[in-house]
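Here are some notes to read alongside the model. Keep the sequence and the 3D view open as you go.

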Amino acid sequence: MISAVQVIPASTLRAAVTALSHGGRYRLTAMFANDERSINASFAVYAIFFSKEEAEFKTIKALIKQDEPLEFPSITPIMAAAAWYEREINDLFGLTPLGHPDLRPLVLHENWPQGNYPFRKDFDLGSMAGASTEYLVPPVQGEGVFEVPVGPIHAGIIEPGHFRFSQAGENIINIEAKLFFTHRGIEKAVEALSLDEALFQAERICGACSIANTLSYVQAVENLAAAEISPRAKYLRVLAAELERLYNHVGDIGNLCAGLGFAPGISHGARLKEQLMRLNERLTGNRFLRGWITLGGVTMDITRELTGDISQTLTCLRKELDGLLSLLRDNDAFLDRVNNTGILPQQAALDLGVVGVAARASGVDTDIRRDFPYAAYRSFSFQVPVYTEGDVAARLWMRADEAIQSLGIISQLLRGLPSGKLITQLRPVEPYKSDFSVTESPRGSNLHWIMTGENNTIYRYFVRSASYPNWPALTVAVPGNIIPDFPLINKSFELCYACLDR
Amino acid sequence: MLNLLRKMIKTGCVTEAYDGGSVPPRFRGELAWQETTCQHCRQCLAACPAGAIAFSGERLIVDHSACIFCGRCVAVCEQQALTHTGEYRLSELQNQLSGKIRSMFKRSLHIRHVDAGSCNACDWEMTALNNPIYDLQQYGIDFVASPRHADMLMITGVVTRNLTQALAMTYEATPSPKIVMAVGACAASGKVYGNSYAICGAADTVVPVDIYVPGCPPRPAALIYGLLLALDRLEERRN
């Protein structure tokens, strides 16, 4: 990926960000730090921005010299989207964003001894010392106001998170989300692993976004190695990505019905998703398409029989999906629950840097597949649906429309599958080079950034999944609704905890 | 309403026996090793990203609970001494479960799921058990909302530092006698992500585990096999 990097002293970060984002031309995509003391005697804070109009990414690299105070001016006061990134940098690197309005721990919970920074290169797990802290929830006070704590272990088969609702009767006044329970420290665990080995961890950051994460990872490595992969491999990667989008969207439509107890919708959605999972297993041997995408290409081809299998399965699916959607579109009891529920205003979506389905349902027209095409996406024609209502219904119909578009892409792809080898050998990458790649996961844009170390290893790996900027949006969309609608609103965003927590 | 009824009647009953369908040819199941063709080059050992392969003298040993079924060892083996078979029924039962406990839960088992740090793939496969095709309730098994109502905990994921307390408390809240299942390579081996400041290890580093179900993730049929194995109901179904 070609991206201009502007290197500045950290003290001028706010001015540089203001200049770049002036008039909203460039919006923050991701922000993270790196311990580069062994390279240039500094810590670095990277902020990556994207402009749809210019179709370009720009990176600001702010250096904090190791012998100066380990702090930088927070950009959260001028850009709300930076809030969680800066808290994470504070947790993991001990670099303080000065002027940040809320510096409570985010990634490391109260069990973590204070003053230990796991992403510094000299961190030693064995010699940690320090006291643990308490998790503070800002109180909401008033007559009749009470709190409802939920999680981290929930009632359904879902991932762990803790939610604290402040209620007045059934109405939600405020919701605090404590997340990062499944934080596994994957980015740190892969440091010093070879680029080959780390692939398997990247593939296992998240189950439902396996392909999106693997694709972002391998494309970042291929950018570093300046490798060009074969057209056939690129097409098969698009096939993988669209099959992943399809099973997620179809499954999510069914799951959304679970948010309001509409049993026939749940059953039909789950049945259709199962058909897609089985197709995935027939194609790749794994129901989550794992083991297909690899460095330099793909591991498996699709035979003529499998091509026929895909076409046949998807033709049946299209018919069944239309049937399921007609059950929902004509059902007043259903529409009554989803219309005008959990509205995310467009301005909030823009300010928080929301991506994917959630952004497009709130009138933000963004899709990396179209705005910054990768793999073979340039070769296909498809629409990017946009809704302006920003409610649960908009996010639901968005998924339905996108699933239909995915079917269209797959059918174009199968008709025009070019020939070519499956894997291109990559040459070793020089140490201390960095690059990144962005793909569009079923939940939105997904950025992986890599800096190489000696001998084709990883020096620093950073993952910003679509769920990262979208989680804070949930806390904007929920207040004002009643607590029984929370599961519904939550499911309409369908955010991964695993992708966020890493 | 009429449309709903029509759709349901038209769809009919789609429920299958868990082992009814065939396993696709590309499925990567149990690792089979052919001693006679193996040249002991140990490339598979170096290639395994999950530390699932070991050599005891000249014998290759696969720890299926750690295996992520990625196929890398098979790909690097020049002699083709390693292959993935279609066998997915790899659950392993520990001996501490008494026959009495198993007979108590034999006809009715209530499960609480605990995500202890999973990537959510195992969680989604557990969700699939509730779909009309696997229909777990046909076996008298169901998921419940609280550990206080549960006979079994199904644990997914490596146990993270941030979930250690929640897992321990959930175990405590489950009334005895109880069964614990470690679902997938993460919970069963704890090795998938290597060493990290944020990971405690496998499920059995925090709570006692009775049954291990390998897979990354285990397909739904493998989960049902594991459940029926734990309940000692497999013979009954085979006959």
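The points below go from the model as a whole to the chain contact, then to some helices and one proline.

1. First, the ground rules. This is a predicted model, where local features need pLDDT of at least 70, side-chain atom pairs count only at pLDDT 80 or more, and totals for chains, interfaces and linings use all residues. Residues are numbered from 1 along each chain as its sequence is written, with chains lettered from A and ligands numbered from 1 in the order in which they are written.

2. On confidence, the model has an ipTM of 0.93 and a pTM of 0.95. For chain B the average pLDDT is 90, and 97% of its residues reach at least 70; pLDDT is the predictor's confidence in each residue, from 0 to 100.

3. How many residues of chain B are in contact with chain A? There are 49, and they meet 46 residues of chain A. Contact here means that the C-beta atoms of two residues, placed from the backbone, lie within 7 Å. On the side of chain B that touches chain A, helix H1 (2-11), strand S6 (109-115), helix H5 (121-128) and helix H6 (164-173) each supply at least two residues. H5(B) gives the most, with six residues. By class, that side has 27 nonpolar, 15 polar and seven charged residues. The nonpolar class is Ala, Val, Leu, Ile, Met, Phe, Trp, Tyr, Cys and Pro, the charged class is Asp, Glu, Lys and Arg, and the others, Gly among them, are polar. As for the element names, helices (H or I, at least four residues) and strands (E, at least two) are DSSP runs, numbered from the N terminus.

4. Now look at a helix pair in chain A. The axes of H7 (residues 231-258) and H8 (residues 263-284) of chain A come within 7 Å and cross at roughly 160 degrees. The axes are lines fitted to C-alpha atoms, for helices over the stretch in contact, with angles running from 0 to 180 degrees between N-to-C directions. That makes H7(A) and H8(A) roughly antiparallel, a label for angles over 145 degrees. Among the residues making the contact are A:Leu243 and A:Tyr247 of H7(A), along with A:Leu272 and A:Met277 of H8(A). The contact divides into 12 nonpolar, seven polar and one charged.

5. Another pair in chain A is H9 (residues 304-329) with H14 (residues 392-415), packed at about 160 degrees with axes 11 Å apart. H9(A) and H14(A) are therefore roughly antiparallel to each other. In H9(A), residues including A:Leu314 and A:Arg318 take part, while the H14(A) side includes A:Ala403 and A:Leu407. This contact has nine nonpolar, two polar and one charged residues.

6. Two helices of chain A are mostly covered. In H15 (residues 467-477), eight of the 11 residues are buried, A:Trp471 among them. Buried means that 20 or more other C-beta atoms, placed from the backbone, lie within 10 Å of a residue's own. In H5 (residues 195-203) of chain A, seven of nine residues are buried, including A:Phe200 and A:Glu203. The buried residues of H5(A) pack against helix H4 (186-189), helix H6 (210-224), strand S10 (293-294) and strand S14 (458-464) of chain A.

7. Last, is B:Pro220 buried or exposed? B:Pro220 counts as buried because it has 24 C-beta neighbours inside 10 Å. This proline lies in helix H8 (residues 220-230) of chain B. Leaving out residues up to four places away in sequence, B:Pro220 touches B:Glu125, B:Ala128, B:Leu129 and B:Tyr134.

Terms used:
Parallel < 35°, antiparallel > 145°, perpendicular 65-115°, else oblique. Buried ≥ 20, exposed ≤ 12 C-beta atoms within 10 Å, placed from the backbone.
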